[in-house]
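Here are my notes for you to read alongside the model. Have it open in your viewer as you go through the points.

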Amino acid sequence: MFGKRAAVDSKPTPPRAEAPALRAAPRTDGGSSRDSASPPLAAALAPPRPFAAADERSDDYYQIKTTIFSALIDTIDLAQLAQLDADSAREEIRDIVNEIISIKAVVMSIAEQEHLLQDICNDVLGYGPLEPLLARDDIADIMVNGAGRVFIEVAGKVQLTSIRFRDNAQLMNICQRIVSQVGRRVDESSPICDARLLDGSRVNVIAPPLSLDGPTLTIRKFKKDKLRMEDLVRFGSINEAGARLLGIIGRCRCNVLISGGTGSGKTTLLNCMTAFIDAEERIITCEDAAELQLQQPHVVRLETRPPNLEGQGQITMRDLVRNCLRMRPERIIVGEVRGPEAFDLLQAMNTGHDGSMGTLHANSPREAMSRLESMITMGGFQLPTKTIREMIVGSIDVIVQAERLRDGTRRIIKITEVVGTEGEVVITQDLLTYEMSGEDESGRIKGRHAGTGIVRPTFWERARYYGLERELADSLDKLQA
Ligand SMILES: Nc1ncnc2c1ncn2[C@@H]1O[C@H](COP(=O)(O)OP(=O)(O)OP(=O)(O)O)[C@@H](O)[C@H]1O
Ligand SMILES: [Mg+2]
């Protein structure tokens, strides 16, 4: 049916002895876990280990793949292939690849042949070498720095993989395929693009000439099974009493800001906290790329929109937040506050939409407040500092600080209340802090979540109003234990 098959080059490859072996290269130390025998000081002084990819494929493998791939492309009619469903297309490719392998007398085992076939199908039908990574649910991020280097983050650790693209052109092609699904293009004239995969994963592409070593693709994988507060307790991200405290804060409609660095688990924590919202409340979520998965029945999900190719049609976070005020929200959830929408969110929190929540990039609760302040001033609001600070204090009740520690684990390191102002200074008090006490022999950080002795947080009355004061007293008590 794909009549170009006869065009396959039938020149035999070199005899068996010279045929390149497809066996995986010997495995070098992964470098991701530290040598448990070495003392911590020696480990600290030793130079950092170079990344080494697990299960590396040899250069020969890629050479053979390129040869077979080119022969396939010469043989196959891509337009006809595109009309087939995925299974039939795979079958067709399998037949042709097997034919090419036998004509070219390539020596490889059944397993190697199967792997090659899988790779080639992924190239032709999907996201190429990314497919096996996209299929894994244990990966948090995929980071492609040009064709030759693909890193992943698994269990909080970044590791180099053996995945490679044929060349930067193939990588660029795949980037193009991804962004075209959201109606965008990425090329020299518009080299930066945000997009989303069909499964909801968040994608950023930055291409040459801005990225110097080839197209750079970053994917925050969408986790099908979202973590819940119980999971965070199980991982030690928070202890049980701390989780109960967060539950009370969520239930009694405190306005909450979740602060933290990149990938520190802010969105995950926000998602966990929304679980405590009452099923009867009308919730409106505003996000750049929908990541939250609220379980309540009455949720409206809104998403921003980037400008189109002509630079028109952009809908910003501020547009969404302002619009949702006209949608009779009871709670407003903003995926990430990063610009002038901070002003509208604070106003909403101040005017009857308490229980609103959002995340923000900052390294401490105090920095979170100064970031809010600068977002408001940079948004063009000509307000005196004192007024802005009073507005922050009047709106935000609690700031939860998340952090990705150096051992790769994510922890909630502070639950901080915004208490009031003294002159121009905002007063806060910590309800919970994470105290580090060292690290164990496997490099995992040891520590514990502890209360700070506060027995009556400022949202006490609020908790009482919701009939939660006993529970609040109890969880604060347990934090002291
Ligand atoms: N407490 C946790 N324990 C283990 N893994 C976690 C925890 N919190 C989040 N993760 C994982 O870490 C990754 C990043 O989490 P998340 O998207 O919530 O971070 P973020 O701070 O919102 O990142 P960004 O700044 O990019 O928006 C996800 O894969 C998530 O599943
Ligand atoms: Mg996030």
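**Notes on the model**

1. Ala155 is exposed, as 12 other C-beta atoms lie within 10 Å. For that label, a residue is buried with 20 or more other C-beta atoms within 10 Å of its own, exposed with 12 or fewer, and partly exposed in between, the C-beta atoms being placed from the backbone. Phi of Ala155 is near 50°, a positive value in a residue other than glycine. Ala155 sits in the loop between β2 (150-154) and β3 (157-160). Helices (H or I, at least four residues) and strands (E, at least two) are DSSP runs, numbered from the N terminus.

2. Some bookkeeping: this is a predicted model, where local features need pLDDT of at least 70 and side-chain atom pairs count only at pLDDT 80 or more, while totals for chains, interfaces and linings use all residues. Residues are numbered from 1 along each chain as its sequence is written, with chains lettered from A and ligands numbered from 1 in the order in which they are written.

3. Arg328 also deserves a look: its phi is positive, about 50°, although it is not a glycine. You'll find Arg328 in the loop between α11 (317-324) and β10 (331-334), and it counts as exposed with 10 C-beta neighbours inside 10 Å. For another backbone check, the peptide bond from Pro208 to Pro209 is cis, with omega near 10°. Pro209 belongs to the loop between β5 (202-206) and β6 (216-220).

4. Which residues of β10 are buried on each side? Arg331 and Ile333 are on one side, Ile332 and Val334 on the other, and both faces are covered. Strand β8 (residues 283-287) pairs with β10 in the parallel sense over four bridges; pairing requires that DSSP finds at least two bridges between the strands. Thr285 has Ile333 as its bridge partner in β10. Two bridges join β10 to β11 (residues 357-361), again parallel, and Val334 has Gly358 as its partner there.

5. Leu302, in strand β9 (residues 299-303), counts as buried with 21 C-beta neighbours inside 10 Å. Setting aside residues up to four places away in sequence, Leu302 touches Ile284, Thr285, Cys286, Leu320 and Cys324, a contact being two C-beta atoms, placed from the backbone, within 7 Å. Leu302 and Cys286 are 16 residues apart in sequence, but 4.8 Å apart C-alpha to C-alpha.

6. In α14 (residues 385-395), the buried residues are Ile388, Arg389, Met391, Ile392 and Ser395. Down the axis of α14, they fall within an arc of 155°, so they line one face of the helix; the arc is taken over the directions from the helix axis to the C-beta atoms. Those buried residues pack against α12 (341-350), α13 (365-378), β13 (410-422) and β14 (425-439). Lys386 and Thr387, on the other side of α14, are exposed.

7. How many residues surround ligand 1? There are 16, the closest being Ala140, Gly265, Lys266, Thr267 and Thr268, where near means a C-beta atom, placed from the backbone, within 6 Å of the molecule. Both α8 (229-235) and α10 (266-274) supply at least two residues of the shell, and α10 gives the largest share, three residues.
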